[in-house]
Amino acid sequence: MGDWFQTIVDTEATPEEAQGLAASILDWLIADGFVSAERTDCVLGADAGHAPGAHYGEAVEDPDPELINVWSNGLHVTVGRTVFDAGQGEPSAVTCPHCAAETPLVDEYWSLIEEGWARFRDAVGSWAEGEDEPVACPSCGRTAPVHTWLWADDHFAFGHLGFTFWNWPGLRPEFVAEFSRRLGGHRTVLLGGKL
Ligand SMILES: [Zn+2]
């Protein structure tokens with residue numbers, strides 16, 4: 001059985017404000033008992049995170065009493081320029097921010113269409129390093145930075161701040177909306193995947 005994660009990405013936080021926003025969200029999550037204050041070894045892909053708190057069940061649709069026994073059950077906060085991705089599987093399609101034309105990236109068997117993906121691969125791969133490579137739309141010919149394209153199923157989200165919950169049941173929409181409110185109304189993307 002793989003590990004499942006959900007990441008709430010703030011797609012609008014600037015590099016300068018990300019750290020402060022991360023701290024204020026964490027304060028709220030700890031104060032309301034969603035996560036515990038101490039940092040422990042409970043997340044994948046990072047040294048430490050925050051295990052579920054006494055009231056974690058209020059954040060999810062269907063609380064699982066077994067979560068507490070899962071080793072990787074914590075919250076990891078990512079601060080810094082990151083391409084958040086949904087883990088397994090291929091991006092299915094991407095939509096041009098200018099003309100709204102959709103470019104399919106997988107065929108009927110869910111295999112990646114090489115010539116479609118080739119247009120985006122380098123730009124997606126280099127964004128985290130600080131590049132803003134423009135990608136030309138196959139329909140209208142105009143270019144747009146890769147992070148402004150709209151990825152089907154939120155396969156990728158580009159941002160400087162993300163909150164990853166490991167193996168939590170589905171997050172309640174109200175809980176996710178509260179993030180956006182506390183992040184100053186920033187647009188958030190909820191991305192889910194498996195490792
Ligand atoms: Zn276009």
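Leu 161 touches Ile 8, Val 9, Asp 10, Ala 13, Ala 18, Leu 21, Ala 22, Val 77, Thr 78, Val 79, Phe 84 and Leu 183, leaving aside residues up to four places away in sequence. Please keep in mind as you read on that this is a predicted model.

As general background, nonpolar side chains in soluble globular proteins tend to be buried together.

How is the protein divided? Domain 1 is made of two stretches, 4-83 and 156-194, while domain 2 covers 91-154. Taken over C-alpha atoms, the centres of domain 1 and domain 2 are separated by 27 Å. Their contact draws on 10 residues from domain 1 and 12 residues from domain 2.

Between them, domain 1 and domain 2 bury about 990 Å², and 68% of that area is on carbon and sulfur atoms. On the domain 1 side, Arg 81, Phe 156 and Phe 158 lose the most area to domain 2, together accounting for 74% of what that side buries.

## The zinc site

Which residues hold the zinc ion's protein donors? They are Cys 96, Cys 99, Cys 137 and Cys 140, each through its SG atom, at 2.3 to 2.4 Å from the zinc ion. In sequence, these donor residues follow the spacing C-x2-C-x37-C-x2-C.

The angles among the 4 donor atoms run from 103 to 115 degrees, and the site is tetrahedral. For reference, the ideal angle for four tetrahedral donors is 109.5 degrees. Is Cys 96 buried or exposed? Cys 96 counts as buried because its relative accessibility is 2%. Cys 99, in turn, counts as partly exposed because its relative accessibility is 30%.

## Two residues with positive phi

Asp 153 is not a glycine, yet it has a positive phi of about 55 degrees. Its place is the loop between β9 (150-151) and β10. With 65% relative accessibility, Asp 153 counts as exposed.

Asn 167 is not a glycine either, and its phi is positive at about 65 degrees. This residue sits in the loop between β10 and α3. Where Asp 153 is exposed, Asn 167 counts as buried because its relative accessibility is 14%, under the 20% cut-off for buried residues.

## An exposed tryptophan

Where does Trp 110 lie? Trp 110 is found in the loop between β6 (102-104) and α2 (114-127). With a relative accessible area of 56%, Trp 110 is exposed, since the exposed class begins over 50%.

Even so, Trp 110 touches Glu 90 and Ser 92, not counting residues up to four places away in sequence. Ser 92 is 18 residues from Trp 110 along the chain, and the C-alpha atoms of the two are separated by 7.5 Å.

Note on methods: Residues are numbered from 1 along each chain as its sequence is written. This is a predicted model: local features need pLDDT of at least 70, side-chain atom pairs count only at pLDDT 80 or more; totals for chains, interfaces and linings use all residues. Side-chain values use heavy atoms; hydrogens and water are left out. Donors are N, O and S atoms within 2.8 Å of the metal (3.2 Å for Na, K and Ca); water is not among the atoms, so sites may look incomplete. Four donors count as tetrahedral if all angles lie between 85 and 135 degrees; four count as square planar and six as octahedral if opposite donors are over 155 degrees apart and all others between 65 and 115; anything else is irregular. Buried means under 20% relative accessible area, exposed over 50%, partly exposed in between (1.4 Å probe, protein chains only). Contact means heavy atoms within 4.5 Å. Domain bounds come from an automatic or database domain assignment. Buried area is the accessible area (1.4 Å probe) that two parts lose on being put together, summed over both. Helices (H or I, at least four residues) and strands (E, at least two) are DSSP runs, numbered from the N terminus.
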